Amino acid sequence: AQRVDLQAFQFDAARRALAANIVSAALSAATLDARVAATTRLVTLANQQAADVQRRYTLGAVAHRDLLSAQQSAASTAASLPELRQQALATRHALAVLLGRTPDQAPPALELAQLHLPDEVPVVVPSELLQARPDIQAADAALKAAAADVGVATAQLFPSITLNASMGQGGFSWPLALSGAGTLWSIAGSLSAPIFHGGALLAQRRAALATYDATASQYKQTVLTAFQNVADTLAALEHDAQSLDAASAAARVAQQAFDEASARQRLGALPPSAVRASEQQWQNARLEQIRYTGARLADTAALFQAMGNPLQDGA
């Protein structure tokens, strides 16, 4: 029965991994689409600025170095756009393949502004929640199957700790955190005394013990990897939130400056070049905000996947 469960959990792990990859690709496509739109606007503004400087240079109002600087800025901005568009297209093609479609039938990118975080995103995670991960369930089933072959119990092997963002940052020691479960992890070592003596039975017993020892080590590694996965994701989310707050504040200020510059231009108090420069600053700030928004959404999806619950199984 445990071996049947093992295959079921392995299938569930593959299914959840596919769902997580689809979510990740969709979020990446939405982020890249927003970055393409903002960069396209920056290219337009840079070209307009270069054209304006060209006219002023023809009239003798600016130096030649100012013209070259404007032209270089426009060319550099335009050079970044094709690669960004290629990344967006490749991401959409990858999403189409994950959905079982050909690349030419890739779905349109989602609107990044319409994507929102779940109402509740955990900031600490009790380790017991990770038992829902199919890779841990599969490792547990394999361990129980190996234990059945040797005739020993494997209950209470899962350590109980609380994971938080600080565990994914420097200085954290997994062996220290799991020291209370040290005797549990070394259970395989207590099985070394043979019960049967001589001949095939002894050889089979030793083989079963070796299999159990290897399976127990695999179980331990699977659990520790899951713990590290969740702790690192929690740390990433904490940093994402801090970066996004700062980027959003910068974007708001830049937009307010642009709005004020536009209003002053309508009153004749500012030239168009000053307004374009203000909008360029705003669009550059938006690019940073878009990048951190996408990162936070992606890391949130990764957290649910790491907890064995990828967006409530298809939400």
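This report walks through the fold, the surface and the aromatic contacts of the chain above.

The model is predicted, so to speak of local features a pLDDT of at least 70 is needed, side-chain atom pairs count only at pLDDT 80 or more, and totals for chains, interfaces and linings use all residues. Residues are numbered from 1 along each chain as its sequence is written, and side-chain values use heavy atoms, with hydrogens and water left out.

Let's start with the fold. The chain has 8 helices and 2 strands, counted as DSSP runs (H or I, at least four residues, for helices; E, at least two, for strands) and numbered from the N terminus. Their order along the sequence is α-α-β-α-β-α-α-α-α-α. Among contacts (heavy atoms within 4.5 Å) with a separation of 6 or more, 80% join residues 24 or more positions apart.

Of the 315 residues, 36% are buried, meaning under 20% relative accessible area with a 1.4 Å probe, protein chains only. The accessible surface (Shrake-Rupley method, 1.4 Å probe) is about 17,200 Å², and carbon and sulfur atoms hold 55% of that.

Now to the rings. Counting Phe, Tyr and Trp (its six-membered ring) with centres within 6.5 Å, there is 1 aromatic pair. Phe-258 and Trp-282 are stacked (planes under 30 degrees apart), with 5.4 Å between centres and 15° between planes. The two partners are 24 residues apart and link distant parts of the chain:

Note on methods. Buried means under 20% relative accessible area, exposed over 50%, partly exposed in between (1.4 Å probe, protein chains only). Rings of Phe, Tyr and Trp (its six-membered ring) pair if their centres lie within 6.5 Å; planes under 30 degrees apart count as stacked, over 60 as edge-to-face and the rest as tilted.
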